[in-house]
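Here is a short briefing to read alongside the model. Take a moment with the view below, then work through the points by topic.

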Amino acid sequence: PVSKGYKKLPSPIQSGIGNFINNLKLPLVAFNQLLQGQGKNAVESTGRFFINSTIGIFGLVDVADNIGLEQKEEDFGQTLATLGVGDGFYIVLPLFGPSNIRVTSGMILTMMPDPVNAYANNQGEAWVVPFRTAANAVDQRSKIIDEVNALRDNSIDYYAAVRSSYYQNRKAAIMNTDDDA
């Protein structure tokens, strides 16, 4: 329901919030790219972060995309996969949705070195961490809500369809075949 309400916000507000959230992730994206041996991508992600944090008004505007530095997603789940860690079993997490043990472990690993979380905790503002996590989940869910509803309406076995879709998307992310999406 929160994602449905979020989708009713004017498009520029949704874009600004999404851009800001994505910008905050870029230091860890670059770190994961380094861990995966993607030096060029790490340099581009670092450039995106600095350009969007300054010219893009703290990341509210995605200026870097306009100059050719496209957004690439990497997370600790993908890093663990490149290191040979298996999927583990499939689970569905409240608020986050489909996952597996490797990706869930990656999410936990993400929270520890995250500079934004560390800064907020250091400043006595620990409330920022769950708020930021929830805002990210709502933003991500709002971007796929139409596809999820179509899958629910058109699937004989919704659970199996979501699981299959999840694994296909994660495999593409690990293999870096989703960079155009």
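How many helical turns, about, separate D139 and K143 in helix α8? The two residues are four apart in that helix, so about one helical turn lies between them. An α-helix has 3.6 residues a turn, so residues three or four places apart point the same way.

Before the details, please keep in mind that this is a predicted model: local features need pLDDT of at least 70, side-chain atom pairs count only at pLDDT 80 or more, and totals for chains, interfaces and linings use all residues. Residues are numbered from 1 along each chain as its sequence is written, and side-chain values use heavy atoms, with hydrogens and water left out.

**Salt bridges**

- The structure holds seven salt bridges, each defined as a side-chain nitrogen of Lys or Arg within 4 Å of a carboxyl oxygen of Asp or Glu.
- Helices in this briefing are DSSP runs of H or I with at least four residues, strands are E runs of at least two, and both are numbered from the N terminus.
- D139 forms a salt bridge with K143, and the closest N and O atoms are 3.2 Å apart.
- D139 is buried at 1% relative accessibility, while K143 is partly exposed at 43%; buried means under 20% relative accessible area, exposed over 50%, and partly exposed in between (1.4 Å probe, protein chains only).
- Salt bridges that share partners also join K40, E44 and K72 into one network.
- D62 pairs with R48 in a salt bridge whose closest N and O atoms are 3.0 Å apart.
- Because D62 sits in the loop between α3 and α4 and R48 in helix α3, this pair ties together parts that are 14 residues apart in sequence.
- R48 counts as buried, with a relative accessibility of 2%.

**D114 and helix α7**

- D114 forms a salt bridge with R132, with the closest N and O atoms 3.0 Å apart.
- D114 lies in the loop between α6 (101-111) and α7, and R132 lies in helix α8 (residues 128-154), so their pairing ties together parts 18 residues apart in sequence.
- Both D114 and R132 are buried.
- D114 also caps the N-terminal end of helix α7 (residues 115-122), where a side-chain oxygen lies 2.8 Å from the backbone nitrogen of V116.
- Just after α7, G124 takes a positive phi of about 75°.

**N100 and its polar contacts**

- N100 belongs to strand β2 (residues 97-100) and is buried at 0% relative accessibility.
- The side chain of N100 reaches the backbone nitrogen of R102 at 3.0 Å and the backbone nitrogen of V103 at 2.8 Å.
- A polar contact here is a pair of N or O atoms within 3.5 Å; within protein, one must be able to donate a hydrogen and the other to accept it, and residues adjacent in sequence count only if both atoms are side-chain atoms.
- R102 and L80 are 22 residues apart in sequence, with a C-alpha to C-alpha distance of 7.1 Å.
- L80 is part of helix α5 (residues 76-82) and is buried at 16% relative accessibility.

**Surface patches**

- F20, I57, F58, L60 and V61 form a nonpolar surface patch with about 460 Å² of accessible area together.
- Patches are made of residues with over 30% relative accessible area and no salt bridge, joining like charges within 9 Å and nonpolar side chains (Val, Leu, Ile, Met, Phe, Trp, Tyr) within 5 Å.
- Accessible areas come from the Shrake-Rupley method with a 1.4 Å probe, and for residues only the protein chains shown count as cover.
- V61 is in the loop between α3 (39-54) and α4 (63-66) and is partly exposed at 40% relative accessibility.
- I57 is in the loop between α3 and α4, is partly exposed at 48%, and has a positive phi of about 55° although it is not a glycine.
- K4, K8, R141 and R152 gather in a surface patch of positive charge.
- For charges, Lys and Arg count as positive and Asp and Glu as negative, with His and the chain ends not counted; the place of a charge is NZ of Lys, CZ of Arg, CG of Asp or CD of Glu.
- K8 lies in the loop between α1 (2-7) and α2 (11-35) and is exposed, with a relative accessible area of 72%.
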